[in-house]
Amino acid sequence: MAEIKKRLLTKSRFKLALDCPTKLYYTRKPEYENQSKSDTFLEALAQGGFQVEELARMAYTDGIAILEDDFNYEALASRTQELLMREQVVIFEAALLFNGLFIRTDILIKKGKQIQLLEVKAKSVSGRVHNGFSLTGSWSAYLYDVAFQHYVIQQVHPDFIITPFLNLVDKDKTATINGLNQKFKLVSDNKLRTGIAVEPGLTKTDLGESILAKINIETEIQKIFNENPLFEGSSFQETIFYFKKHYSEDIKIYTPIGNHCKGCEFYTETPSKFSKSGFHECWQEQLNHPENEISKPKTFEVWNWRSSKKVMEEGR
């Protein structure tokens, strides 16, 4: 029973399921290879995101960071609840736990019952000319991420009035000081969850004019709640608890193979008993091909071939 309790559908696992629901079965299992753990490009992207997050935090000098043990979910949620009892508070890494769902927010601002939910990303956007985000394009993962956070907060505190935002780099702005990134240095030995060391004595005024844009995404989040465009036929809540049930009970969701398999991180060219390939398992289960056949080059590996998706959909 204790093991099931630990298998919470966190924000990161929800995002993993958005990419491919089958991945929920492979994640956190040491016998399955996970290429993302050793992908230096992905690591560099993550580090850049951490720097932008620290920059965003500097706008809130009274912010309180929750930096306890990342995996003590109950303690993190309890500390957050204590802070939310205040009339006004700004929390970094606020943690909320509801019915097997767990989230940590980048920045949460509370004024009475009014809540601003800020998700910080290193992606850029025009703060001057912005007409909303597409729910089925490259922004969908970020929007669904915020929708998941919004849902959990609302379940824990139904009386809160939540306004969601994406906090992004504004490509229309120019840094007014030199070496801005050097004020937020990456460190390998640091107790901070993000592994970022802020320049000692750094203040908000030392950063010059803000290069971030705070984009209201209330319209997009409500559309996800009402229409759930990525999972037509199911409500957003049904999608969440479908993922939660399968992850908590360790039941594999069978996702049809396709062009999305190209970026699967649960892959190794030479699977073994102690180094399994989730990629090979999916293809064997659906195509009945032997491992050596599956390891051969794929249509989606042909460089810059735009028809690869169509060919995959045709079963070739």
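Strands β4 (95-98) and β5 (residues 101-104) run antiparallel and are joined by four bridges; strands count as paired here if DSSP finds at least two bridges between them. Within this pairing, L96 has I103 of β5 as its bridge partner. The model is a predicted one, so to speak of local features takes a pLDDT of at least 70, side-chain atom pairs count only at pLDDT 80 or more, and totals for chains, interfaces and linings use all residues. Numbering starts from 1 along each chain as its sequence is written, and side-chain values rest on heavy atoms, with hydrogens and water left out.

The β4-β5 pair belongs to an open sheet of three strands, ordered β1-β5-β4, with mixed pairing. Strands, like helices, are DSSP runs numbered from the N terminus (E, at least two residues, for strands; H or I, at least four, for helices).

Strand β6 (residues 107-111) is mostly covered, with four of its five residues buried; buried means under 20% relative accessible area, exposed over 50%, and partly exposed in between, using a 1.4 Å probe and protein chains only. β6 pairs in the antiparallel sense with strand β3 (residues 88-92) over five bridges, and the bridge partner of V89 in β6 is K110. Five bridges also join β6 to strand β7 (residues 114-125), again antiparallel, and here I107 stands opposite L118 of β7. The hairpin of β6 and β7 has two residues between the strands, and G112 takes a positive phi near 65° there.

Turning to the helices, α5 (residues 73-84) has twelve residues, and its end C-alpha atoms are 16 Å apart, in agreement with the 16 Å it should span at 1.5 Å a residue. That expected span is 1.5 Å times one less than the number of residues. Y73, L76, A77, T80, L83 and L84 are the buried residues of α5. They lie on the same side of α5 because they cover an arc of only 120° around the axis, the arc being that of the directions from the helix axis to the C-beta atoms.

Helix α6 (residues 140-156) reaches 24 Å from first C-alpha to last over its 17 residues, close to the expected 24 Å. α6 is mostly covered, with twelve of the 17 residues buried; among them are L143, Y144, F148 and Y151.

As for cysteines, a search of the whole structure turns up zero disulfides, a disulfide being a pair of cysteine sulfur atoms within 2.5 Å. For C20, the nearest cysteine sulfur is that of C282, 6.1 Å away. C20 is buried, at a relative accessible area of 9%. C264 is in no disulfide either, with the sulfur of C282 the nearest at 6.7 Å, and C264 counts as buried at 17% relative accessibility.

The whole structure has one cavity of 30 Å³ or more, and the largest cavity has a volume of about 110 Å³. Of its 15 lining residues, C20, H260, C261, C264 and C282 are the closest to its centre. α3 (23-26) and α9 (278-287) are the elements that give two or more residues to the lining, and α9 supplies the largest share, five residues. A cavity is a set of points, on a 1 Å grid over the protein atoms alone, where a 1.4 Å probe fits but cannot get out, and lining residues have an atom within 4 Å of a point.

Methods
On a 1 Å grid over the protein atoms alone, a cavity is a set of points where a 1.4 Å probe fits but cannot get out, and a pocket is an open set with protein on both sides within 12 Å along at least five of seven lines; lining residues have an atom within 4 Å of a point. Grid points are joined across faces, edges and corners, and a volume is the space filled by probe spheres set on the points.
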